[in-house]
Amino acid sequence: MNLAESPKLEDFGHDVWWIILIKVVGIFAFLVVMTLFTIWYERKVVGRMQHRPGPNRVGPIGLLQSLADGLKLAFKEDIMPKLADKAVFFIAPVISTVCAFTAFSIMPLGGMVSIFGERTPLQLTDLPVAVLLVLACGGLGIYGIVLGGWASGSTYPLLGGLRSAAQMISYEVAMGLSIVAVFMTAGSMSTSEIVAAQANGSQQEIFGSTVTLPGWYFLMLLPSFLIYFISAVGETNRAPFDLPEAESELVGGFHTEYSSLKFALFFLAEYINMVTVSALCTTLFLGGWRAPAPITTWWAGANEGWWPLLWFTVKVLILLFVFVWLRGTLPRLRYDQFMRFGWKVLVPINLVWILLVAGVRVAANADNTVRYAIYGGFAVLLVGIIMFWPAKKQVEPASIAPEKLPEGSFPIPPMDLVVPPSPRTKRIEHAAAAPSATPEQGE
Amino acid sequence: MCGVDYLGSYRLLGLLLILGAAFFTVAFTANRLLSRRAPSAGKNATYECGIDPVGGDWAQAQVRYYVYAYLYVLFAVESVFLFPWAVTYALDGFGMVTVVEMAIFVAVLALGLLYAWRKRVLSWT
Amino acid sequence: MSTVLALAGEVTTGEAATFYILAPIALIGAIGMVWARNAVHSALFLVLTMLSLGVFYILQAGPFIGMVQIIVYTGAIMMLFLFVLMLIGRDASDSLIETLRGQRTVALLLGIGFAGLLCTGLGRAVGSMTSVGLDEANAAGNTQGIARDLFTKYVFAFEVTSALLITAAVGAMLLAHVEKVKAEKVTQLEMMRARFAPGNYPAPKPGPGVFAATNSVAAPGLLPDRTVAGRSLSALVPTRELTEAEAAPKGTEK
């Protein structure tokens with residue numbers, strides 16, 4: 001595979017001013033269009049899953065429905081609740097949206113392209129710490145939700161905001177840890193370099209034999225990929241982890257009091273976040289903007305020019321489909337189950353996995369004694385974990401034996417109530433056995 | 001080597017923020033100018049599923065949320081140490097010793113987490 | 001990775017401009033944090049300062065530490081603050097009554113004196129210094145440079161950090177955590193028993209009288225002497241008198 005078109009870190013940061021302007025406006029446009037499209041796409045897919053057509057009135061096959069909804073929403077009357085903290089109430093959706101936009105700026109949408117004769121990477125910018133920027137933006141984006149909930153001056157939003165924040169910080173931890181394995185394999189935190197590192201299959205030595213693994217990290221780092229995706233769903237507050245918006249308990253969660261443009265901004269931020277985590281997933285685990293393997297074998301030019309934008313968008317849309325699929329399939333989790341899953345499953349597995357990857361990588365380069373020591377160490381650890389795994393406690397079923405309630409209690413039926421045989425069954429049995437008289441007949 | 005090149009990548013981020021600010025200004029101005037307004041006391045009241053709001057707006061948050069915030073700090077710091085380690089442990093001059101160092105670091109933190117787990121701090125009550 | 005980094009000792013226009021924009025913002029954040037009456041506003045001003053500091057680090061060719069500043073301080077620690085503030089409550093504003101007379105003046109004087117001392121001291125120490133070694137430190141990349149020092153030279157400090165962190169965290173968690181004694185745990189069966197125990201009435205309370213003509217929210221409740229109970233009227237629903245035509249029988253009831 002030709003790597004010449006792959007941008008280096010030095011290629012960034014010296015574009016002409018009008019190219020920068022085009023790129024920045026382009027990113028805005030891409031995100032807004034993706035948001036509008038994703039909303040339509042989600043409604044359409046969920047509709048199909050529930051045997052109904054979904055939006056089909058505005059524009060061809062309903063494509064402009066979300067645009068119409070969005071414009072209408074943005075120009076509605078803006079309501080400022082009387083008890084709200086005015087300044088914070090205003091800043092909260094702005095924080096959410098700004099963080100969502102900024103996080104997307106380091107996504108590599110393609111290799112080197114030429115815009116009006118200028119060679120430039122198809123990516124707004126890249127930093128040596130690019131992925132950390134996404135994490136930082138994710139961390140700051142939580143403020144939008146906490147503050148929105150707090151500033152509303154109402155109980156439901158406050159509880160929803162707190163829940164949401166606790167959920168997002170928990171899954172942010174799992175997400176940050178799942179990315180570490182990618183850094184370890186790619187040796188870089190810059191998104192363009194991570195994409196470049198996945199371009200070629202890597203020679204890995206596993207237990208003495210050399211195998212060529214495909215370049216995409218989701219194969220090599222499958223646990224990381226799974227943990228990343230699960231925590232991405234939790235981080236974006238999507239079903240089945242959409243507890244902050246649990247309508248049956250919290251009305252609307254943190255944005256109960258929001259209306260008009262401010263609500264639209266929260267909505268926008270939520271969908272941009274979905275696009276961002278999908279794009280980051282594509283970049284980190286699915287080979288970024290590079291075309292999948294069968295295409296490149298019969299079409300060498302698949303990774304040149306503007307084509308990568310297509311592959312990137314298709315990969316993101318496939319991931320977004322999984323988001324919608326999850327929403328259409330799974331019921332909402334209970335909050336305690338959800339937090340337990342995050343802290344007691346995802347985080348510990350992640351830590352062990354990181355050390356495992358490091359150990360295997362180092363062992364591959366070490367001499368035999370060290371290697372066997374490492375594998376031996378892991379074996380001992382595994383046996384230890386299995387041996388000391390706490391046994392499941394046997395829960396005795398509560399006895400429903402009839403008991404004497406104290407005198408003066410509210411009358412309740414006995415717990416060992418047996419349904420008496422229905423007189424109708426008797427009649428049916430009687431009819432069936434009509435020719436010969438049965439002893440029951442006499443009763 | 002000159003400063004312009006290093007800051008170039010970050011300049012774009014700054015520009016993005018400025019453009020974002022412009023976007024918000026335009027959006028909020030447009031909303032203010034174009035939306036219909038019919039204010040009433042009912043609209044500005046706290047939402048309470050159709051009945052009149054009773055009492056204050058504030059519900060005391062459970063202390064259990066605070067535990068998760070603390071765990072977040074703990075693990076944020078841990079990941080911050082993990083990131084530079086992850087990009088360098090395979091380079092020359094690092095290797096086995098660095099991995100063992102990190103293993104000890106993670107083990108100490110995991111021990112603490114395990115203690116909290118055993119004390120049932122992590123279970124939602 | 002060979003990032004092109006800022007040349008030591010030379011301040012570019014962009015760097016200077018960013019500094020002069022962000023320095024006042026950082027200062028406003030710091031002052032606002034002290035002055036804000038509301039605790040959450042204070043915390044937000046502090047976030048602003050922390051964020052500006054993060055950008056300053058990036059400006060000074062330390063992108064990794066800049067991001068760390070944003071993730072850990074602006075993100076995690078300030079989030080902890082916010083959670084604590086929410087435990088305290090929304091209206092927990094500062095009271096402005098001085099308990100010690102003249103305390104504010106003395107504090108102001110001492111503060112100015114301390115700031116003066118610090119500024120002159122720092123100014124004399126680093127004012128005429130030319131910085132060197134930035135390029136060497138960042139030669140293999142900023143993050144790699146930090147890792148090299150962290151995992152070789154300062155490895156002991158690094159390990160001790162983990163112990164410190166976990167001690168603080170476990171301590172705080174256990175303080176916030178109330179371990180439930182087994183006996184305190186109320187099971188479903190016990191709750192059921194309590195519900196039907198003597199003195200408790202588990203069934204719904206009796207409903208309103210069967211003679212009520214309407215269940216409209218606009219219809220006021222009547223007191224026993226047939227006067228309107230004021231508290232039953234919603235402040236938000238406008239009272240409306242029916243016209244003769246509206247009140248007249250519609251002919252639909254037969």
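The model is predicted: local features need pLDDT of at least 70, side-chain atom pairs count only at pLDDT 80 or more, and totals for chains, interfaces and linings use all residues. Residues are numbered from 1 along each chain as its sequence is written, while chains are lettered from A and ligands numbered from 1 in the order in which they are written.

Start with chain C. It holds 9 helices and 0 strands (DSSP runs, with H or I over at least four residues for helices and E over at least two for strands, numbered from the N terminus). The order from the N terminus is α-α-α-α-α-α-α-α-α. Of the 254 residues in chain C, 21% are buried (20 or more other C-beta atoms within 10 Å of the residue's own, with C-beta atoms placed from the backbone). Take the contacts in chain C between residues at least 6 apart in sequence: 51% join residues at least 24 apart. Two residues are in contact if their C-beta atoms, placed from the backbone, lie within 7 Å.

Now turn to chain A. The contact takes 26 residues from chain A and 24 residues from chain C. On the chain C side, helix H3 (63-88), helix H6 (142-153) and helix H8 (188-196) each supply at least two residues. H3(C) gives the most, with 11 residues. That side of chain C divides into 18 nonpolar, 6 polar and no charged residues. Nonpolar means Ala, Val, Leu, Ile, Met, Phe, Trp, Tyr, Cys and Pro; charged means Asp, Glu, Lys and Arg; the others, Gly among them, are polar.

Last, confidence. Chain B averages a pLDDT of 78 (the predictor's confidence in each residue, from 0 to 100). In chain B, 83% of the residues score at least 70. Among the elements of chain B, helix H2 (residues 41-44) has the lowest mean pLDDT (76) and helix H3 (residues 63-88) the highest (84).

Methods
Buried ≥ 20, exposed ≤ 12 C-beta atoms within 10 Å, placed from the backbone.
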